[in-house]
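Me: Please go through the ligand site and the backbone of the model shown here.

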Amino acid sequence: MLNTPPHTELRELALRLAFEAGAELVARQPGLSIDAAGVETKTSASDPVSAADRASEKLITDGLTAARPGDGLLGEEGASRPSTTGLTWVIDPLDGTVNYLYGRLDWCVSIAVEDGAGALVGVVHQPRTGLTWSAARGAGAVRNDVALGPLRDVALESALVSTGFSYLPEVRAEQADHLRRLLPVVRDVRRGGSAALDLCSVADGTADAYYEHLIQPWDIAAGSLIAREAGAQIITGTALPHGVLAAAPALAAALVELLAPSTPRRSV
Ligand code: LIP
């Protein structure tokens, strides 16, 4: 059995580094914009990355390496290291990149650590609002130290549903088909631009559900644990191929039935 430190030590490390990275991002944000020099694109013309993303990831991975050199790393901006301890850190150094580059407040730092059974600890920190969500597997979820859950399990017609869209144009056309089916039967839809914050909105009740197709593991690693520990069912895999859905159980079942039939296929 690997000598895994108690949740508290891992959670405190993730919180410390999320706050440090958040401060770095806040300091850099005024000098950046979506069309600033140095902002590049990744998977498509609408998928930006900046020096701020990379600086945040370096700050986090340097801190993790100093504290826990044997742990694995998986980061959105390229961090990758196999684990010798059974633990791997999954990092989105800036989730909500487009929002960040437009000078908006709705972006965050997302850090999770996983073992063989999935996420063990998750932290999502939104510097511009001072909100921080965190959870440890089996130990519940909090937002700024206030315990989260249980969730309202509302019917479809009363559900406020968050979602997001791929950066790939061909996938977006298919995702629009989902929206066409969803809009007439739910209370309303929100598109926030950060999967991590969307998952935390389910955890704290500021949304009833979140789903998205073709999302990346670093976008959802921490937020999925936080939502689950607040009482949400997290559906991925065969029930929702290439996607993730978080909601209270009955609502989750109703949404999967509505969404699963036509699932966007990965772009070839
Ligand atoms: C974002 C996700 C969001 C998705 C966006 C984008 P990024 O991640 O958090 O849910 O809809 O298209 O992928 O690019 O800001 O790290």
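This is a predicted model: local features need pLDDT of at least 70, side-chain atom pairs count only at pLDDT 80 or more; totals for chains, interfaces and linings use all residues.

Residues are numbered from 1 along each chain as its sequence is written, and side-chain values use heavy atoms, with hydrogens and water left out.

Me: How many residues surround the ligand?
Reply: A residue is near a molecule if one of its heavy atoms lies within 4 Å of it. The closest are D95, G96, Y167, A195 and E212. The shell divides into 6 nonpolar, 5 polar and 6 charged residues, where Asp, Glu, Lys and Arg count as charged, Ala, Val, Leu, Ile, Met, Phe, Trp, Tyr, Cys and Pro as nonpolar, and the others, Gly among them, as polar. The number of residues around the ligand is 17.

Me: How much of the ligand does the protein bury?
Reply: Ligand oxygen atoms lie 2.8 Å from a polar backbone atom of F165 and 2.8 Å from a side-chain N or O atom of R191; a polar contact is a pair of N or O atoms within 3.5 Å. Taken alone, the ligand exposes 380 Å² (Shrake-Rupley method, 1.4 Å probe). The buried share is 95%.

Me: Which element gives the most to the shell around the ligand?
Reply: Two elements give two or more residues each, β5 (88-95) and β13 (209-213); strands are DSSP runs of E, at least two residues, numbered from the N terminus. The largest contribution is 3 residues, and it comes from β5.

Me: Why does the ligand lie between the domains?
Reply: Domain bounds come from an automatic or database domain assignment. The ligand lies between the domains because its shell takes residues from both domain 1 (7-147) and domain 2 (156-262).

Me: What is phi of N144?
Reply: N144 lies in the loop between β9 (141-143) and β10. The value is positive in a residue other than glycine, with phi near 50°.

Methods: A polar contact is a pair of N or O atoms within 3.5 Å; within protein, one must be able to donate a hydrogen and the other to accept it, and residues adjacent in sequence count only if both atoms are side-chain atoms. Helices (H or I, at least four residues) and strands (E, at least two) are DSSP runs, numbered from the N terminus.
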